[in-house]
Amino acid sequence: MLDAGKRFVYWNGTEPRLCLTETELIKEFLSKCSTVSGRSWQQRQGSKHFIGGGLLMANAQDWYHQRHIVAPAFAGDRLKGYAGHMVECTKEMLQSLQNALDSGRNEVEIGEYMTKLTADIISRTEFGTSYHKGKKIFHLLKVLQTRCAQASRHLCFPGSRYFPSKYNREIKSLKMEVERLLMEIIQSRKDCVEIGRSESYGSDLLGMLLNEMEKKNSLDLQLVMDECKTFFFAGHETTALLLTWTVMLLASNPSWQQKVRDEIKTICNDSGIPSLDQLSKLTLLHMVINESMRLYPPALVLPRMAFEDILLGDLYIPKGLSIWIPVLAIHHSEKLWGKDANEFNPDRFTSKSYTPGRFLPFASGPRNCVGQAFALMEAKIILAMLISRYSFTISDNYHHAPVVVLTIKPKYGVQVCLKPLET
Ligand code: HEM
């Protein structure tokens, strides 16, 4: 793609798209244009049933307002408070790996375990004690997301979203069921506060959203529900893919696997469970995670629409033009990363100063990933616990077939052979 030139326009059906690959311009665009650019009508339409007007799809002043409500839930002590859920859920995942080994299997498809684990973690983080109901909601949301993807193929036909087709009827009833369950949880929290049984709406993500919105006098329940759906959508599959690809890379590179294991042993002693202070000291693990996100970025493109005329350096972007930042192509560019751009080499992240605009797994600027610190904490805890308990190698049954559909997935999964380590 980068061979087509540094900037070029191409047509996606009837929509012209400007592809931006110059790192200086990308940096400037992402840092300065967060309120004058945003999600297109098509993007919002395609996702409105399963995430609605949540942060990911919000634009302009709505986005700015929502970002300020949501951001505190992912920072400081609140963020640290989620670590316990991450450790507990990972212990359960390790137990099910052990059960698989005890039943005579020594090979597992690790992607399945990671997908279930990250769903469990976000479910507990969002809904605390209402966790089982949360899991049911998320299951319905997954079905809803698939149906929306199927229905969106017909979005180009005018009026198709109003047809009472099979998909549209199913989407409507799934959406109603999700919102009914979410309202049940929210209502019972509100009742507890009103009758004086509790002082706040709770310390989980949902409770924090309700508390923040009440403080700012804007308790909009539809928005609370949309944010809950957004966190699940934005934070579950992305992290599962990061973990799955990292295990694949470490299983194929035993020397890096051992280096990371030694680091974990030195820093976390024998427990293999990193404390919050220890997480920031796991520098080799962090380099491996970065390299994994460079090679297999869970978000492949950053799509935006210009809502006003924008002047970026010498580039004039007219209002209404779509802008695409091709993260995958930038992360694999030999010009930006050198001749070994397609190889696994975590050493390239030894220095913390990378050219801005060339490493964008979480985007950058004010509209970057609000869950970045959460995702990195989660990934480090899970990987540290897994690596200190098992050594793993890539199975002969693994076929390397990354498929690109919005995200980058291993088509046939990632099969690894596990060996318990002496403790
Ligand atoms: C490895 C894991 C993750 C990756 C690679 C990732 C990546 C990204 C990227 C690239 C964006 C910007 C999208 C764009 O501008 O088009 C984004 C936005 C967002 N992410 Fe993440 N994400 C991850 C995990 C999470 C988690 C765990 C959560 C929450 C629990 C989360 C919540 C969000 C939200 C709400 C936004 C929208 C922010 C805004 O528009 O202001 N993400 N993420």
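Q: Which residues is Arg 39 in contact with, leaving aside its neighbours within four places in sequence?
A: In this predicted model, Arg 39 is in contact with Arg 44, Leu 56, Met 57, Ala 58, Asn 59, Pro 303, Arg 304, Met 305, Phe 307 and Arg 367, once neighbours within four places in sequence are set aside.

Q: Is Arg 39 buried or exposed, then?
A: Arg 39 counts as buried, because its relative accessibility is 9% and the cut-off for buried is under 20%.

Q: And where in the fold does Arg 39 sit?
A: Arg 39 is in the loop between β3 and α2, with α2 covering 41-47. As for distances, the C-alpha atoms of Arg 39 and Met 293 are separated by 24 Å, and these two are 254 residues apart along the chain.

Q: You mentioned β3. What's the strand order in the open sheet of 5 strands?
A: The order is β1-β2-β8-β5-β3, and the pairing is mixed. β1 (7-12) and β3 (37-38) stand at the edges with a single partner strand each, so one side of each has no neighbour in the sheet.

Q: How do β3 and β5 pair?
A: β3 and β5 (residues 301-306) pair in the antiparallel sense, over 2 bridges. Ser 37 stands opposite Ala 306 in β5.

Q: How many of β2's 6 residues are buried?
A: 5 of the 6 are buried, so β2 is mostly covered.

Q: Which strands does helix α1 lie across?
A: Helix α1 (residues 23-32) lies across β1, β2 (15-20), β3, β5 and β8 (322-326), and runs at about 125 degrees to β8.

Q: Switching to the ligand. What's the protein donor of its iron atom?
A: The only protein donor is Cys 369, through SG, at 2.3 Å from the iron. Cys 369 lies in the loop between α15 (334-337) and α16 (372-389).

Q: What does Asn 342 touch, not counting residues up to four places away in sequence?
A: Asn 342 touches Leu 295 and His 332. Asn 342 and Phe 74 are 33 Å apart in space, C-alpha to C-alpha, and 268 residues apart in sequence.

Q: Where is Ala 60?
A: Ala 60 is in helix α3 (residues 60-70). Ala 60 is partly exposed, with a relative accessible area of 29%.

Q: On to helix packing. At what angle do α10 and α11 pack?
A: α10 (residues 221-252) and α11 (residues 254-268) pack at an angle of about 110 degrees, with their axes 5 Å apart. The two helices are therefore roughly perpendicular to each other.

Q: Which residues meet there?
A: Leu 250, Ala 251 and Ser 252 in α10 meet Pro 254, Trp 256 and Gln 257 in α11. The residues of this contact divide into 4 nonpolar, 2 polar and no charged.

Q: Which strands does α10 lie across?
A: α10 lies across β9 and β12, running at about 85 degrees to β9.

Q: And what order do the 3 strands of that open sheet with β9 and β12 have?
A: The order is β4-β12-β9, with antiparallel pairing. β4 (107-109) and β9 (390-394) stand at the edges, each with a single partner strand, so one side of each is left without a neighbour in the sheet. Neighbouring strands of this sheet are turned by 40 degrees against each other on average, direction ignored.

Q: Over how many bridges do β4 and β12 pair?
A: β4 and β12 (residues 415-420) pair over 3 bridges, in the antiparallel sense. Val 108 stands opposite Val 416 in β12.

Definitions and conventions. Residues numbered from 1 in each chain as written. Predicted model: local features only at pLDDT ≥ 70, side-chain atom pairs only at ≥ 80, totals over all residues. Heavy atoms only, no water. Donors = N, O, S within 2.8 Å, 3.2 Å for Na, K, Ca; no water. Helix = DSSP H or I, 4+ residues; strand = E, 2+ residues; numbered from the N terminus. Pairing = 2+ DSSP bridges. Contact = heavy atoms within 4.5 Å. Axes fitted to C-alpha atoms, helices over the stretch in contact; angles between N-to-C directions. Parallel < 35°, antiparallel > 145°, perpendicular 65-115°, else oblique. Nonpolar A, V, L, I, M, F, W, Y, C, P; charged D, E, K, R; others polar. Buried < 20%, exposed > 50% of the residue type's maximum accessible area, 1.4 Å probe, protein only.
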